[in-house]
Amino acid sequence: MNISSAIKKLAMKLPQVRKIVSSRDQYLKELLQVKEEYEKKDNELDKMRSQYEEIKLEKIDLKAEVVAVERELFKNELENFRLTNKMLVLTLERDRLRNTIKNSKKDRTAGYCHCCREETYFEIQGNWLRDGYLCSNCFSIPRQRHLQYILDQYFSGWEEKKIHESSPSNYHLSQYCRDYSISQYFPDIPLGSDFNEIRCENLESLTFDDDTFDIFITQDVLEHVFNPKNAAKEIIRVLKPGGVHIFTAPRHKKLIKSYPRAAIVESGIEYYKPAVYHGNPIGDGKTLVTWDYGDDFEYLLQEWTGKPVTTFLTKDRGIGLDGEYLEVFVVRKL
Ligand SMILES: [Zn+2]
């Protein structure tokens, strides 16, 4: 083969070579694109990996929270179970007491109880009706039923009023009231502040504003204050105009003139009569009787407060009202 024919042959192959070179370039370009895409995907994968790690950590945290919540739930269930059991025991005990009363051969009368608002039986236990004439349903005693009867009978709609009770010893009133508050006297607790979620108040110097309440209740409390004059005046002060102080207190038969049994003096308590105590739901369970009230009680109340006093006495076994010291006193802030 001569040179010219070789060149000719090569020239003939040139387009083919060009085509190969061009397709190689194209291939290289595509390869580069694929590489770029691969790197992009790799980056995304790294990002997803780190997200995955974060989620894994969160999952561990959540798991710990779930365990804590489950533990708390279990504790609550246990407590719930304990309380249910306790309630069951108390219910059984209550039913046992009810049955004991029902089956006893003592005097009993059927009637309507103003404390529990049920048709019920009133049972007489012992000779002292004031503490032993019980509603077989709610175990209320006559003076409690009388106070509630007076409210129902003469103060219709009382449940909607603003009511305060000092030193309550039963729940009978509270269950029907919309706006009911209580206070107790605790020595060493600042007046007006709470102790065990109960407001501390001294009846002889209340911290409430003037004209605060519609109804102020005291049940067998005024015979335990050293200065009933201040207490009666303070109660009137915190009542709204037209408000009423409705209360019970033992007024002794055949006692013409009321007298203090004890007084606060500098050295402590001075006793004019031998110390007598009544039961008290708080403290050491007993409260000193500071005054014996007699026939002049309403006169004293009127003198102390300057307000009219009405005394209610109802004897009606159909509503469980009988017994000693049953009077309900009402002082009106006119
Ligand atoms: Zn009752």
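Visitor: Where is the place of Asp-188?

Guide: In this predicted model, Asp-188 sits in the loop between strand 5 and strand 6. Most residues other than glycine have a negative phi. The phi of Asp-188, by contrast, is near 75 degrees, a positive value in a residue other than glycine.

Visitor: What can be said of the phi of Asp-220, and where is Asp-220 found?

Guide: Asp-220 has a positive phi of about 50 degrees although it is not a glycine, and its place is the loop between strand 8 and helix 4. Here the neighbour count is 20 inside 10 Å, so Asp-220 counts as buried.

Visitor: In what order do the eight strands of the open sheet stand?

Guide: Reading a sheet begins with the order of its strands, and here that order is 6-7-5-4-8-9-17-16, with mixed pairing. The edges are formed by strand 6 (194–195) and strand 16 (309–312), each of which pairs on one side only.

Visitor: In which sense do strand 4 and strand 5 pair, and over how many bridges?

Guide: Strand 4 (residues 162–166) and strand 5 (residues 179–184) pair in the parallel sense over five bridges, and within this pairing His-164 stands opposite Ser-181 in strand 5. Strand 5 also pairs with strand 7 (residues 198–200), again in the parallel sense, over two bridges, where Ser-183 is opposite Arg-199 of strand 7.

Visitor: What joins strand 9 to strand 8 and to strand 17?

Guide: Strand 8 and strand 9 run parallel and are joined by six bridges, with Thr-248 in strand 9 as the bridge partner of Gln-219. Strand 9 (residues 239–248) and strand 17 (residues 328–332) pair in the antiparallel sense over five bridges, and Thr-248 stands opposite Val-328 in strand 17.

Visitor: Which helices pack on the sheet?

Guide: Helix 3 (residues 142–154) packs on it, touching strand 8 (213–219), strand 9, strand 16 and strand 17, and the direction of helix 3 makes about 150 degrees with that of strand 9. Helix 4 packs on the sheet as well, touching strand 8, strand 9 and strand 17, with its direction at about 140 degrees to that of strand 9. Strand 9 itself is mostly covered, seven of its 10 residues being buried.

Visitor: Which residues of helix 4 are buried, and what covers them?

Guide: The buried residues are Pro-228, Ala-231, Ala-232, Glu-234, Ile-235, Ile-236 and Val-238, and their cover includes strand 8, strand 9, strand 15 (291–292), helix 5 and strand 17.

Visitor: At what angle do helix 4 and helix 5 pack?

Guide: Helix 4 (residues 228–238) and helix 5 (residues 297–305) pack at an angle of about 60 degrees, with their axes 9 Å apart, and the two helices are therefore oblique to each other. Their crossing is right-handed. Helix 4 contributes Lys-229, Ala-232, Lys-233 and Ile-236 to the contact, while helix 5 contributes Leu-301, Trp-304 and Thr-305; by kind, the residues of this contact are four nonpolar, one polar and two charged.

Visitor: Where does Val-331 lie, and which residues is Val-331 in contact with?

Guide: Val-331 lies in strand 17 and, with 25 C-beta neighbours inside 10 Å, counts as buried. Leaving aside its neighbours within four places in sequence, Val-331 is in contact with Ala-232, Ile-236, Val-244, His-245, Leu-301, Thr-305, Lys-307 and Val-309. From Asp-107, Val-331 is 224 residues away in sequence and 35 Å away in space, C-alpha to C-alpha.

Visitor: In what order do the three strands of the other open sheet stand, and why is one side of each edge strand left without a neighbour?

Guide: The order is 1-2-3, with antiparallel pairing. Strand 1 (108–113) and strand 3 (133–135) stand at the edges, and each has a single partner strand, so one side of each lacks a neighbour in the sheet. From one strand to the next the twist averages 30 degrees. Strand 2 (residues 118–124) pairs with strand 3 in the antiparallel sense over three bridges, and Glu-123 stands opposite Leu-134 in strand 3.

Technical notes:
Residues are numbered from 1 along each chain as its sequence is written. This is a predicted model: local features need pLDDT of at least 70, side-chain atom pairs count only at pLDDT 80 or more; totals for chains, interfaces and linings use all residues. Axes are lines fitted to C-alpha atoms, for helices over the stretch in contact, and angles run from 0 to 180 degrees between N-to-C directions. Helices (H or I, at least four residues) and strands (E, at least two) are DSSP runs, numbered from the N terminus. Angles under 35 degrees count as roughly parallel, over 145 as roughly antiparallel, 65 to 115 as roughly perpendicular and the rest as oblique. A crossing is left-handed if the near helix is turned anticlockwise from the far one by less than a right angle, and right-handed if clockwise. Two residues are in contact if their C-beta atoms, placed from the backbone, lie within 7 Å. Ala, Val, Leu, Ile, Met, Phe, Trp, Tyr, Cys and Pro count as nonpolar, Asp, Glu, Lys and Arg as charged, and the others, Gly among them, as polar. Two strands pair if DSSP finds at least two bridges between them. A residue is buried if 20 or more other C-beta atoms lie within 10 Å of its own, exposed if 12 or fewer, and partly exposed in between; C-beta atoms are placed from the backbone.
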